[in-house]
Amino acid sequence: MRTALPVLTVLLAIILVWYVAAVAMNATWARDQAARADVTLSNAELVRQTLTQDRPVLPAPHQVALGLWEGLFGQKITSKRSLVWHGGITLSATMAGFAIGTLAGILLAVGIVHSRAMDQSVMPWAVASQSVPILAIAPMVIVVFASAGVTGLLPKAIIAAWLSFFPVLVGMVKGLRTPDQMQLDLMRSWNASAAQVFWRLRLPASLPYLFASLKVAVAAALVGTIVGELPAGATAGLGARLLSGSYYGQTVQIWAALFAAAILAALLVMVIGLIERLVLQRMGLAR
Amino acid sequence: EGELTLQLKWVTQAQFAGYYVALDKGFYEEEGLDVTILPGGPDIAPTQVLAGGGADVIVEWMPAALAAREKGLPLVNIAQPFKRSGMMLTCLKESGITDPKTDFAGKTLGVWFSGNEYPFLSWMNHLGLSTEGGAEGVTVLKQGFNVDPLLQKQAACISTMTYNEYGQVLDAGLTPEDLVTFKYEDQGVATLEDGLYVLESTLEDPAMVDSLVQFVRASMKGWDYAAQNPEEAAEIVLDNDETGAQTMDHQLRMVQEIAKLTEGSTGALDEADYQRTVDTLLSGGSDPVISAAPEGAFSHVVTERAVE
Amino acid sequence: MTVPVIEARNIDLTFQTADGPVHALKGVDLTIDRGDFVSFIGPSGCGKTTFLRTIAALEVPTGGSLTVNGMTADAARRARAYGYVFQAPGLYPWRTISRNISLPLEIMGFSRSDRRDRIDQVLDLVDLAGFGGKYPWQLSGGMQQRASIARALAFDADILLMDEPFGALDEIVRDKLNEALLELWRKTGKTIGFVTHSIPEAVYLSTRIVVMSPRPGRITKIIDSPLPRERPLEIRDTPEFIALAHEVREGLREGHGHD
Amino acid sequence: MTVPVIEARNIDLTFQTADGPVHALKGVDLTIDRGDFVSFIGPSGCGKTTFLRTIAALEVPTGGSLTVNGMTADAARRARAYGYVFQAPGLYPWRTISRNISLPLEIMGFSRSDRRDRIDQVLDLVDLAGFGGKYPWQLSGGMQQRASIARALAFDADILLMDEPFGALDEIVRDKLNEALLELWRKTGKTIGFVTHSIPEAVYLSTRIVVMSPRPGRITKIIDSPLPRERPLEIRDTPEFIALAHEVREGLREGHGHD
Amino acid sequence: MLTAAPILIVWLGAWGLNTWLARFDTRLTRLLVALIFGATILILWEMIVRIYDVPSVILPAPSQIGASFVENRAILWTDFVQTILRGALTGWIIGALAAIATAIAIDRSPFLRRGLLPIGNFVAALPIVGIAPILVMWFGFDWQSKAAVVVVMVFFPILVNMVAGLAATDPMQRDLMRTWAAPYWQSLWKLRMPAAMPFLFNGLKITTTLALIGAIVAEFFGSPTKGMGFRISTAVGRLDLPLVWAEILAAAIAGSLFYGLVALIEKKVTFWHPSQRA
Ligand SMILES: Nc1ncnc2c1ncn2[C@@H]1O[C@H](COP(=O)(O)OP(=O)(O)OP(=O)(O)O)[C@@H](O)[C@H]1O
Ligand SMILES: Nc1ncnc2c1ncn2[C@@H]1O[C@H](COP(=O)(O)OP(=O)(O)OP(=O)(O)O)[C@@H](O)[C@H]1O
Ligand SMILES: Cc1ncc(C[n+]2csc(CCO)c2C)c(N)n1
Ligand SMILES: [Mg+2]
Ligand SMILES: [Mg+2]
């Protein structure tokens, strides 16, 4: 409640600015068209036209809302024009990539925390790996995987995994290292084995960090999937939707796809937040 | 029995109506073929997919194919359903361009890349225009996915296909009177577009050649059917478009425009057309697309048997 | 009859740090007998913690010899010869008090029913019966510290090593825990090594007070306490107590240079 | 002649929390005169900190009236009437010791040369001359705490409010700082409000000891010290001192319920 | 099976060497271990490409990539200037400055902070690259549109971090300021800004790679005839894979340097923070 009012106010302000911007940005085209048709526009007429164009430079909020509504609820969800259908395709690749990335991140982190050689070898390159413009070579990655017989959802998922493993790795390394010397010494004083230290101390101690990075990772995975779908000849998914909208100059379609992606991202982060709450509550870590 | 994978050059649209019709109407099946069609995209290089083994046959433009051949990838043209070129430069009349020879200098032109730039580069070479910008040359933009640069006046001219982007410019609200177009055909720099290419090694396998013969035969049947039944063809393309973004109007017009390009083709490559393409590409001045006339870049084995 | 439990002979311990070696312990000689309550007192950095850790085989001395229960310190650690209590409670926030106490028992492979019995027993001992189901953060600092002592007691080692266990608590809570600890020690007859900064605490609790001084860390004085084993809190107002405290303070002052 | 500097009349302070209201202070009545050294002692949570913060206008009482130097507490804060020392040193890690001490002076608009003089002076006063160029983390806890006292002294307010300033230090360092603080107080004649957990510390330092008890926080006893202003450390072994300490302990025990 | 033997031997040998070296844990051996690991990957890559005859249009060998890198250094430099310096860096700086200014502005108003932060967090998690085509349409083909994409991509992560940083001072430090009756700007400048630096740099570091990605990806939606994204897509079309990988290499080096530079500045600015002192 305490945040609802401020958030609504800010949202309202954003929408207002958006309308003004839409009028300003679409006015050129409206004037040009009027000039070509040799008519002069009244101000009211100009505003009306800028907010109802088919190919606006910036669609008005209500146009986007309508496009979104149409896409989400305007048709059967199995229809290729349904954003739910495309969202589902993007979601499945995102989840696959997220799972692969999370697993890889956790395994690497476990290795790094337990082996100094691995820490010193892998960590610097893990940082460098993130400056590889994987998104730029997404189409190539997809072709290369296709040549190895891997097609369909998996190549996209691998791009998603590449982006999502890093936050998990960093968070998990930090988390697995949170137990302080005292807690480790306690374990030692009990003569606990390495496995016992891991399962009973390091892992539970790392969970809050894990969840924090999972939220980042899932958003990153979604970005990866969408970009994997974007120019790489993907035929379905929100990225493909964005691309084809762009290809045919359907700005409303682009924005609707963008918002659908935004909603999907928010949902994913929320779901992880929910799981986090449940798990941490069960562990007595949420107060 | 025979399995074939076809990699398209671009996204699912009526440009490839023949293949989709053949698939949908069961022409491939009749030949005993199991064909998979992979849509392309702006940054899919079909040649790379072919080299990687991701496809058996690709749809590609000849300049790109010959360039790849010179890079050491032994591509062979086995059929050429597109007889004519649909490529052109579309300019805003208000930019004051009337004659390419005199008016391009100092202007900004939109061009497609990723292997689609070769015909344009050849043309500029013909005109003796540098593509490095400046008052004496042209400034080249890597054109994105749509016709916005023209609408937003970011370029004086943009690349368009007769069957596709030109229509989009009109859809956006401009009229033919607002525009000036220069077809590559008319400028004498036309190069062959959508042909079917395979690797040399594929042709050494008799079983594969059999499959290719069946494939080309069925595909040409598809093209014929599409030309005769434009509405149904457009419908089929729409069904196969997974993005759900295409519209009937647009695809119908595309089928009709494409029919003008395939008209008169049996599928067999006309060697005169081939020679004209090679000459255009070779006469590139300082930076030709290919440096020597290719050898064995096409083969009639498949079409000889398919056409009979 | 006195049975030596911990025997340190001429222990040296030097840490190698980036700024050069730090001599944390130098020629430390000490015998602790069964049932002793030995306090270590000395200014910050004099090596009290280091010495306690050495006994627990959490540090390895660079010189000298050390036996615990007649074996090497590390063998004793493996044999789970001691319970160790740190300055901070160090409870695991994701486990309830009971399950915190259960943790070393799980690690040592006690059976479920045995665990339950022991947990109940030590919770009683530290006066926390009924709080087993709470999480650490639901308890006050003093209660947490009692829980951590219970954890160290649960597996019933003969030796208890405590490193400033009450340092963070206020005087009144501290008094209470001191009383309880004495009571426990008398009942169980454990051998206790206890680090503290507080002179009254050291005097109140110990049978022997070891005064240490820094740079390098060594023992400057070992004071045997004349106080009886039975010690009500009021003993702290007696002249014997005050005299002993004074002696300890003097001992400290001697070894103490500039801070 | 006694001049009242701080006058609290029937102060109430209730915090509204998610678990309902917490009565931190209830009917607190106290007058502190110029030159007094008043210690506040009491169990954890009894409102010592809250009361000191109320004097400093860091909390606003929900009832009663409070004047500092004859004005409202907030006006006094704005007039920079007091220096405040927290339990932890609270030095800004990105500033050297000198620049930490300089910070309030910058804020109050002292000139550069004036600042330099004052910094040198207070560094001397707390025996840190030569350490001005060091960063806080390069100093021991005791030295950091002295630096934070220096910072509170630098702008020379008449009132000094200190909230357990030596709580984290070891006994010997604490003794030294206690001596130094007494010395400073005698030399400058400042009025000091001092929170502590330690009975000996309270007795050693104060002219008046205020004993508080919790739930709700109120004053249970105010003890005037018969000790002279001149107090060598040895005074702590005198019968007067021990009797006074005993009185404080009894006062504490009365107000103290279950922990 | 036999062909895999040398690969396995190289791997195990290098790993053994690293395990041994890692025990020393000095600055030099740490560097060595990292370098040996990197070199091993390259050698294995080269071996795999040669032993299994991987076509270079799929995966060129490191030696080919290196050769192409040297041969095309002029092109790589032009692209670097266009994409990294003009697109990414400009956008990053503008975005960071805007985010810092916004953070300071909304920090004064709890109302705005409560309103903007959830939205900021939401937007920070969005697939912002999706707006690249839109921004190319708005800001034209040259680096300005790339910088605009970068501005939008880096703005919110930095904003969120900076706002958190400005709120991160501990209550005692803030109370101290109050006891001195410090005015707003003084406590902002002397307390909250320095205290926010570790958070700010956290945001700045995360966004270095975001900035590169944004600038490069945006070039796929239109660009002049230079730039890393442009070169990569054209070179793929021309099957010049060694050049593609040389560009990737250049981007990775630029990204690592960019990150390293920010980390270095961070070290200088937040030298006092415990994480920097270790
Ligand atoms: N792991 C370590 N590496 C390097 N030096 C250390 C290490 N542990 C302790 N020291 C140093 O050894 C000396 C003794 O430290 P120790 O912790 O034993 O002192 P202490 O008497 O317990 O002090 P305190 O009362 O502050 O707890 C100190 O100078 C300390 O800085
Ligand atoms: N900001 C606050 N909000 C809610 N309750 C508070 C707040 N500050 C203090 N309290 C409560 O007020 C009571 C008095 O707290 P205060 O900090 O004054 O105690 P104290 O005597 O200083 O204790 P300690 O010796 O532990 O420092 C406590 O119950 C505490 O939990
Ligand atoms: C990056 C990019 N490449 C090509 C085209 C244009 N295009 C659309 S269909 C077609 C013919 C292919 O056979 C071509 C060249 C584009 N719009 N964007
Ligand atoms: Mg210690
Ligand atoms: Mg307090």
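Predicted model: local features only at pLDDT ≥ 70, side-chain atom pairs only at ≥ 80, totals over all residues.
Other pairs do not touch. Chain B and chain C are joined by no contact, and their closest C-alpha atoms are 48 Å apart. Chain C and chain E are likewise without a contact, with 11 Å between their closest C-alpha atoms.

Within chain E, the packing of two helices was examined. Two packed helices are described by the angle between their axes and the distance between the axes. Helix 7 of chain E, formed by residues 143-166, packs with helix 9 of chain E, formed by residues 184-218, at an angle of about 155°. The axes of the two helices lie 7 Å apart. Because angles over 145 degrees count as roughly antiparallel, helix 7 of chain E is roughly antiparallel to helix 9 of chain E. The crossing of helix 7 and helix 9 of chain E is right-handed. The residues of this contact between helix 7 and helix 9 of chain E comprise 21 nonpolar, six polar and two charged ones.

D:Ser148 belongs to helix 5 of chain D, which spans residues 141-154. The relative accessibility of D:Ser148 is 2%, so this residue counts as buried, the limit for that class being under 20%. A polar atom of the D:Ser148 side chain lies 3.1 Å from the backbone oxygen of D:Gln145. When neighbours within four places in sequence are left aside, D:Ser148 is in contact with D:Val85, D:Pro89 and D:Leu91.

Backbone angles were considered next. Most residues other than glycine have a negative phi. D:Arg80 has a positive value, with phi near 55°, and E:Asp53 also has a positive phi, near 55°. Both residues are found in loops. D:Arg80 is placed in the loop of chain D between helix 2 (73-78) and strand 6 (82-85). E:Asp53 is placed in the loop of chain E between helix 2 (27-51) and helix 3 (62-71). As for accessibility, D:Arg80 counts as partly exposed because its relative accessibility is 24%, a value that falls between the limits of 20% and 50%. E:Asp53 is exposed, its relative accessible area being 66%.

Technical notes. Residues numbered from 1 in each chain as written. Chains lettered and ligands numbered in written order. Heavy atoms only, no water. Axes fitted to C-alpha atoms, helices over the stretch in contact; angles between N-to-C directions. Helix = DSSP H or I, 4+ residues; strand = E, 2+ residues; numbered from the N terminus. Parallel < 35°, antiparallel > 145°, perpendicular 65-115°, else oblique. Left-handed = near helix turned anticlockwise from the far one by under 90°. Nonpolar A, V, L, I, M, F, W, Y, C, P; charged D, E, K, R; others polar. Buried < 20%, exposed > 50% of the residue type's maximum accessible area, 1.4 Å probe, protein only. Polar contact = N/O pair within 3.5 Å; in protein donor to acceptor, adjacent residues only side chain to side chain. Contact = heavy atoms within 4.5 Å.
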